[in-house]
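Dear colleague,

Please find the structure and its sequence below. My findings follow directly after it, and I would be grateful if you would read them beside the model.

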Amino acid sequence: MTQKVAIVTGAARGIGLATADVMREMGWRVALVDRDTEELQKVAGERDNVLAVDADVSNPQDVGRMIRETLAWGGRLDALVNNAGVARFGPVEDTTFDTWREVMATNLDGVFLCTQAAIPALKETRGAVLNIASISGLRASTLRVAYGTSKAAVIQLTKQYAAELGEHGIRVNCVAPGPVRTKLAMAVHTQEIIDAYHDAIPLNRYGSERELAEVIAFLCSEKASYVTGQVVAVDGGFESTGVGLPALRR
Ligand SMILES: NC(=O)c1ccc[n+]([C@@H]2O[C@H](COP(=O)([O-])OP(=O)(O)OC[C@H]3O[C@@H](n4cnc5c(N)ncnc54)[C@H](O)[C@@H]3O)[C@@H](O)[C@H]2O)c1
């Protein structure tokens, strides 16, 4: 089988689903992985060249099955997009250990487990891994003790994997999104927060799922064949403007 195969986790909606669609447009076949069974079956039924894999990325048994089902279906694995994530925001003093663990389980353990399990198949194709971190992993803020820390760890994990897997021709990169109007973000962004974000972002707006997906798909493709260990902020300039205060604008 010559058609390239990707796994995209958290693909039942949001940035993951947009990524799967862009990769399909580029000729890839895509295993859509999610633990939201109902939504996953719905979106998979509406698309061709996809496989629905009902799995929780924080569960090692599920992750092993995810790889086996993908290989049985597609015969190869060329890219893994570790996109599944959860956001739980709150002050440090109100963050229970259960909440901390819930965030780390998906956002950090999931990336470690999926990537480790994909290595043998990616060695065969000299494939790529793309992790989704966040602006919250590049810059600290209030309310994100668990989320921000998990995403900063994903950035380091990207570099660890890139260092170790480079000799096998496997590239490992990371995209750090700024705010995007997905279900995840809208659950924690009030109108006041949205307005404040617009003020702090040079492009003055949220990004779209598609704008994230295009960069993710590019980094998974042959066009990025000499890029590894990198973190690309797709954030309208948010990360680069630490002193871009609204009061300093004309
Ligand atoms: N939307 C934003 O503003 C924003 C900003 C920065 C980073 N991100 C990151 O982008 C990624 C995608 O976010 P989104 O906004 O599209 O979120 P979303 O909530 O719309 O979609 C996330 C998907 O992941 C799935 N999922 C969650 N935990 C899972 C698990 N353990 N196993 C399998 N599936 C799981 C959910 O069911 C859901 O379908 C996340 O890693 C998120 O942290 C998003």
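Arg126 is partly exposed, because 13 other C-beta atoms lie within 10 Å of its own; a residue counts as buried with 20 or more such atoms, as exposed with 12 or fewer, and as partly exposed in between, with C-beta atoms placed from the backbone. Arg126 sits in the loop between H4 and strand S5 (128–132). Helices (H or I, at least four residues) and strands (E, at least two) are DSSP runs, numbered from the N terminus. The phi of Arg126 is near 50 degrees, a positive value in a residue other than glycine. Most residues other than glycine have a negative phi.

Residues are numbered from 1 along each chain as its sequence is written. The model is predicted: local features need pLDDT of at least 70, side-chain atom pairs count only at pLDDT 80 or more, and totals for chains, interfaces and linings use all residues.

Asn49 also has a positive phi, near 60 degrees, and is a residue other than glycine. Its place is the loop between helix H2 (37–45) and strand S3 (50–54). Asn49 counts as partly exposed because 14 other C-beta atoms lie within 10 Å.

Turning to the overall fold, the protein has nine helices and seven strands. Its radius of gyration is 18 Å, close to the 18 Å that the globule rule gives for 250 residues, so the protein is as compact as a globular protein of that length. The radius is taken over C-alpha atoms, and the rule is 2.2 Å times the number of residues to the power 0.38. Along the principal axes, the C-alpha atoms fill a box of roughly 55 × 40 × 35 Å. Of the 250 residues, 46% count as buried. Among contacts with a separation of 6 or more, 71% are between residues 24 or more positions apart; two residues are in contact if their C-beta atoms, placed from the backbone, lie within 7 Å.

The next topic is the ligand. It is surrounded by 29 residues, of which the closest are Gly10, Gly14, Gly85, Thr182 and Leu184. By class, the shell holds twelve nonpolar, eleven polar and six charged residues. Here Ala, Val, Leu, Ile, Met, Phe, Trp, Tyr, Cys and Pro count as nonpolar, Asp, Glu, Lys and Arg as charged, and the others, Gly among them, as polar.

Gly16 lies in helix H1. With 29 other C-beta atoms within 10 Å, Gly16 is buried. Not counting residues up to four places away in sequence, Gly16 touches Val8, Thr9, Gly10, Ala11 and Asn83. Gly16 and Pro246 are 230 residues apart in sequence, and their C-alpha atoms are 32 Å apart in space.

Helix H4 also packs against another helix. The axes of helix H3 (residues 60–74) and H4 come within 9 Å and cross at roughly 35 degrees. Such axes are lines fitted to C-alpha atoms, for helices over the stretch in contact, and the angles run from 0 to 180 degrees between N-to-C directions. On the H3 side, Pro60, Val63, Gly64, Ile67 and Leu71 meet Leu113, Cys114, Ala117, Ala118 and Ala121 in H4. The residues of this contact divide into nine nonpolar, one polar and no charged.

Within H4, Ala117 is buried, with 21 C-beta neighbours inside 10 Å. Apart from neighbours within four places in sequence, Ala117 is in contact with Val63, Gly64 and Ile67.

Leu157 counts as buried, with 20 C-beta neighbours inside 10 Å, whereas Gln160 has 14 and counts as partly exposed. Leaving aside neighbours within four places in sequence, Leu157 is in contact with Val111, Phe112 and Asn131. Leu157 and Cys174 are 17 residues apart in sequence and 9.5 Å apart in space, C-alpha to C-alpha. The C-alpha atoms of Gln160 and Val5, 155 residues apart along the chain, are separated by 24 Å.

Yours sincerely

Terms used:
Near = placed C-beta within 6 Å.
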